[in-house]
Amino acid sequence: MSDHRFLRALRREPVDRTPVWIMRQAGRYLPEYRATRARAGSFVNLCKTPELACEVTLQPIARYALDAAILFSDILTIPDAMGLGLSVEEGTGPRLAKPVRTHADIAALTAPDPETDLRYVMDAVRLIRRELHDKVPLIGFAGSPWTLACYMIEGQGSASFARAKALALEDPATMHRLLDVVARSVAVYLAAQAAAGAQALMVFDTWGGLLAPDMFREFSLRYLTQIAQSSQSHNVAKSTPLILFSKGANAHLEALADTGCAALGLDWTISLGAARARVGQRVALQGNLDPAVLHASPTAIRTQVKQALADFGPHPGHVFNLGHGITPDVDPERVRVLIDAVHELSAPG
Ligand code: 1CP
């Protein structure tokens, strides 16, 4: 299994074809996902029922020639396990019933124990590994401390997360206290997912790119580094490659590559060639087609795939993906065009 092309690419070893998976590959664009979600009654129920989480994780693997599966869950399982109360309404996105706003709220938080407080996630990982029969590797994941703190303070999505930024600016000590407990939670959560069978780990720093450079270093990068370092000091996690995806943070690529992670996820605002020139051989790269490409014709999709492969060039260390999650309005047949084009156009010629 460690020979699978996805894991080989993360180690920057030569591969027979460029491996490909898609962020949010198990999601609302698939009719079978919508059917299982309806059966579950709610998104949170779907996440908390290992059999159903396993079922939706495997749906895109059954449909397409994907090279990795990703655990079906959400980054907000940690705040939920901390007692903040997660719900996800159709169409409105996630909501936390009890956001943290004061020093006292934050001082009361403790790191959840993965095998008790987040047992349903670990059970899902074990079940998915069993049901995958080593067909493709399984990716486990968590949100970055900064991104989780944004939701924990705001209580829901936001275009600017102004409340979280205001806390960081007005009372940095309290913000660091929050980021520290979340970073410790994320580190043990990822290590537990690896121990339960996840073969690669990914940290989503979706809102890192909202921060000005000094704030990025202080409130996001510092904790990403802590997580990367902590995963290297943990027995199982040490041999499990870690992918960091800090969306909109291309200004910090070199620093992100120096955290000790195996790979960097990239959004589409930088070319793969330019990113590779900046980080060299330090890390593998994952990405980075604009998800909007999936609204274009099959011919245009293939042209974009060809261009991305050419941009990266004939080097080891590329995992093909979108630059962010697939959107619910995509035609599943266009996804097949993309995946098949990656394999066909990256075949040794
Ligand atoms: O109604 C529904 O069915 C819920 C839609 C949905 C889905 C399919 C949510 C709510 N989460 C998920 C699954 C999910 N979330 C996965 C599954 C694995 C996969 O197939 O990729 C993953 C990895 C996530 C991670 C996640 N959740 C992130 C980081 C990645 C990213 O997209 O930037 C973030 C920011 C979230 C929060 C969240 N949860 C759900 C939504 C709609 C959101 C985004 C809300 C916002 O924009 O603020």
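What follows is a short tour in that order.

This is a predicted model, in which local features need pLDDT of at least 70 and side-chain atom pairs count only at pLDDT 80 or more, while totals for chains, interfaces and linings use all residues. Residues are numbered from 1 along each chain as its sequence is written, and side-chain values use heavy atoms, with hydrogens and water left out.

Helices first. Helices here are DSSP runs of H or I with at least four residues, strands are runs of E with at least two, and both are numbered from the N terminus.

The axes of helix 11 (residues 172-196) and helix 12 (residues 213-232) come within 10 Å and cross at roughly 30°. Axes are lines fitted to C-alpha atoms, for helices over the stretch in contact, and angles run from 0 to 180 degrees between N-to-C directions. The angle makes helix 11 roughly parallel to helix 12; angles under 35 degrees count as roughly parallel, over 145 as roughly antiparallel, 65 to 115 as roughly perpendicular and the rest as oblique. By class, this contact of helix 11 with helix 12 has 10 nonpolar, three polar and three charged residues. Ala, Val, Leu, Ile, Met, Phe, Trp, Tyr, Cys and Pro count as nonpolar, Asp, Glu, Lys and Arg as charged, and the others, Gly among them, as polar.

Helix 5 (residues 77-84) also meets helix 11: their axes come within 11 Å and cross at roughly 120°. Helix 5 and helix 11 are therefore oblique to each other. Thr77, Ile78 and Met82 of helix 5 make the contact with Val181, Val182, Ser185, Val186 and Tyr189 of helix 11, where contact means heavy atoms within 4.5 Å.

Now the ligand. Which residues are closest to the ligand? They are Arg24, Tyr33, Arg37, Tyr151 and His324, out of 23 that surround it, meaning that a heavy atom of the residue lies within 4 Å. Oxygen atoms of the ligand lie 2.5 Å from a polar side-chain atom of Tyr33 and 2.6 Å from one of His324. For Arg24, a polar backbone atom is 2.7 Å from a ligand oxygen.

Arg24 sits in the loop between helix 1 (5-10) and helix 2 (31-40), and its phi is near 65°, a positive value in a residue other than glycine. Most residues other than glycine have a negative phi, and most peptide bonds are trans. The bond joining Gly287 and Asn288 is cis, with omega about -5°. Asn288 belongs to strand 8 (residues 284-289).

Note on methods. Polar contact = N/O pair within 3.5 Å; in protein donor to acceptor, adjacent residues only side chain to side chain.
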